[in-house]
Amino acid sequence: DRPVQEAPSLASCLNVNVRGLRLLSMARYLLRSALLGLSNHVSSLAQRRIISVCRVRGACQGCAGHIFRSLSAAEIPFVRQHQNHTTSCSSLKQLYSTQTAESKEEEPLHSIIEETENVQGSVSKHEFQAETKKLLDIVARSLYSEKEVFIRELISNGSDALEKLRHKLVSEGKSVCDMEIHLQTDTAKGTFTIQDTGIGMTKNELIANLGTIARSGSKAFLDALQNQAETSSKIIGQFGVGFYSAFMVADKVEVFSKSAEEDCQAFRWTSDGSGTYELAEAGGVKTGTKIIIHLKPECREFATEDRVKDVVTKYSNFVSFPIFLNGRRLNTLQALWMMEPKDISEWQHEEFYRYIAQAYDKPRYILHYKTDAPLNIRSIFYVPETKPSMFDVSREMGSSVALYSRKVLIQTKATDILPKWLRFLRGVVDSEDIPLNLSRELLQESTLIRKLRDVLQQRIIKFFVDQSRREPEKYAKFFEDYGLFMREGIVTSVEQDVKEDIAKLLRFESSALPEGQLTSLTEYGNRMKPGTRSIYYLCSPNRHLAEHSPYFEAMRQKNMEVLFCYEQFDELTLLHLREFDKKKLISVETDIVVDQYKEEKYEDPRPVSERLTSEEAENLMAWMRNALGTRVVNIKVTPRLDTHPAMITVLEMGAARHFLRTQQLTKDTAERAQILQPTLEINTGHALIKKLNELKDSDPELAQLLIDQIYDNAMIAAGLSEDPRPMVSRLNELLTKALEKH
């Protein structure tokens, strides 16, 4: 498991950065997979596969060869640790020489497809049982969204046939023979051929399985294996319509099949999809099934090797049995999500992540989740090390988790499996319980899908909570990079219990903790005084402004811990959350107003001589109401301020700020005040307020400038003033008057 050193010359060889690194990660994963014995043709096949994949991805032949040479040189120390592989270290080291990858001798092709079959005896003609031509047309021409999926369906059928044979041989105590699926393309003839070495079919089975639309032989096999979960979990087919997808691209389909039962005659089944089929005895047929598809002229693309290779790589790369195309092995990758977590090394996870995510970084978190209750789930999730870009953050960005069913790709981006806010995850979900439509391309929205989504969401949240306890510093960095997604999850979720689950992932600074130390809502709750039922927070751009806010100053008399929220969407998030663990979430600004409605009294600790008298205060407030006009609805004295002359209070201050931001109002000050209904609370012990009381009589003009500035300062401190530029001229005038006597 020790790390493999990077080859220094790769970037220059590829002449690109990101694209080259992605090629490298794919090449490295394929090579290491081959070295671990995931292919029967370890050395040259890995070399050939790397070169072909890299060329498909855009590298030239020379660059692909250079990738292989650089990788092989770096892999030699790793290979030496695996003496038990089929290829000895000495031969591997000899393979990984300075010779060019292109010059290595090609390994002999391995193919079982031969033209040995022939019809024997008479041909009998049959009609499809109890089904009409119209139904066949629907299945073959309207059920699937993409024609290419016929290859996936036929490979899945072949895999099921091999699994049935394996089960039969194991049950009978016999040795398991070579189990393979072979594909062949013939551009000249316009044919696509698939052959497996599976269980095959008798005459009656051909009539029953191919002569009746929507009758699944695999489904019947599963019904007979209800108590044998290991085998049944590997059977892919369920609906009995996959075979007929071939008629999307075929003028004619020929099937040669010979059952694995002893002394069974082989047969040929053929049809043009018109509602009838022909059946005849055949000779020269190997055990298993061979399907020859005579392609329509407009579908001849599937007679080319590159096109078929792309389809197999996309849909069937993780099928359990070897798949060969024109003699070359295709599926050398291992489905890590089906393995036991303890059997997977860190570097295997890294390379698999790079392969499925098409990325070049490493995963910062890995969640390998397997369960059989309440649903069958096999999954792997990765959190990228790289900080998400603006494109990743956009809600237009779809899911990056692929959906498989029994290791066969259903959707590359499964939007219904995880909630939208978890779109930053990369990975794979495989479940046998997923309700698919007949084409196995789309999910049927059901209680099972919702249950699967809920189970995965809860498990992912639990994983992050556990990680935050184990490595708080690492989690803090993760939250800094990905916290916006959690906030979105709370805002967009409907159920309160889901909101509160996601809220466990939020982190804030606190007035009770040193600067830079983060805390969770759960930890805040554990520190609360007995009898307290509210969590207090204050939104501010940074800690300095929060600690010097008039609202935080007003809370000090209550001696309550306050969470500091610095991010733009924190306030909106907490407004949507409303409560956590039966504790109300209240902003300190709202708490001040609520206390006034409760008529809670706070004593001013300063001597009477240091503040205005009640009569002076009343006279001053009357003058201020006249001076401010409609900009405020009320003015009152507050004993809760010390260093600030005044503050603005609005019922539901956070909602008011959010409303102003989202509505982008271009109204003047009076109109905004009419919407906000603000109250100006003054500190009669502050020097500015006491001086204002004197100036209102001795210098009304200067007093007006001063009250306007005090009001604007309070609006800015409340976050209700979007544009402070209009006050610049007034500030200049105030400064001029202040310097007139000097």
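Colleague: In which helix is the place of Glu-694?

Modeller: This is a predicted model, where local features need pLDDT of at least 70, side-chain atom pairs count only at pLDDT 80 or more, and totals for chains, interfaces and linings use all residues. Residues are numbered from 1 along each chain as its sequence is written, and side-chain values use heavy atoms, with hydrogens and water left out. Helices (H or I, at least four residues) and strands (E, at least two) are DSSP runs, numbered from the N terminus. Glu-694 has its place in helix H25 (residues 687-698).

Colleague: Thanks! Is Glu-694 buried, partly exposed or exposed?

Modeller: Buried means under 20% relative accessible area, exposed over 50%, and partly exposed in between (1.4 Å probe, protein chains only). Glu-694 has 47% relative accessibility, so this residue counts as partly exposed.

Colleague: And what distance separates the C-alpha atoms of Glu-694 and Leu-620?

Modeller: Along the chain, Glu-694 and Leu-620 are 74 residues apart.

Colleague: What kind of pair do the rings of Phe-150 and Phe-302 form?

Modeller: Rings of Phe, Tyr and Trp (its six-membered ring) pair if their centres lie within 6.5 Å; planes under 30 degrees apart count as stacked, over 60 as edge-to-face and the rest as tilted. By this rule, the count comes to 27 aromatic pairs. The rings of Phe-150 and Phe-302 have centres 5.2 Å apart and planes at 90°, so the pair is edge-to-face.

Colleague: How many residues apart are Phe-150 and Phe-302?

Modeller: Phe-150 is buried at 0% relative accessibility, and Phe-302 is buried at 1%. The pair links distant parts of the chain, with Phe-150 in helix H7 (residues 149-171) and Phe-302 in the loop between strand E7 (288-295) and helix H11 (305-315). Their separation is 152 residues.

Colleague: On to the sheets: what is the strand order of the open sheet of five strands?

Modeller: Two strands pair if DSSP finds at least two bridges between them. The edge strands, E10 (363-371) and E13 (408-411), each pair on one side only. The pairing is mixed, and the order is E10-E11-E14-E12-E13.

Colleague: Which residue in E14 stands opposite Ala-402?

Modeller: Strand E12 (residues 400-405) and strand E14 (residues 426-430) pair in the parallel sense over five bridges. Opposite Ala-402 stands Val-428.

Colleague: Which helix packs on that sheet?

Modeller: This helix touches E10, strand E11 (377-384) and E14. Its direction makes about 85° with that of E11. The helix, residues 346-357, is H12.

Colleague: Is helix H16 largely enclosed or largely open?

Modeller: The buried residues of H16 (residues 496-503) are Gln-496, Val-498, Lys-499, Glu-500, Ile-502 and Ala-503. They pack against helices H14 (447-470), H15 (472-492), H17 (521-527) and H20 (570-577), and strand E19 (579-580). Six of the eight residues of H16 are buried, so the rest of the structure leaves this helix largely enclosed.

Colleague: Last one: which residue just after H20 takes a positive phi?

Modeller: H20 is mostly covered, with six of its eight residues buried. They are Asp-570, Glu-571, Leu-572, Thr-573, Leu-574 and Leu-577. Just after H20, a positive phi of about 70° is taken by Arg-578.

Notes. Contact means heavy atoms within 4.5 Å. Axes are lines fitted to C-alpha atoms, for helices over the stretch in contact, and angles run from 0 to 180 degrees between N-to-C directions.
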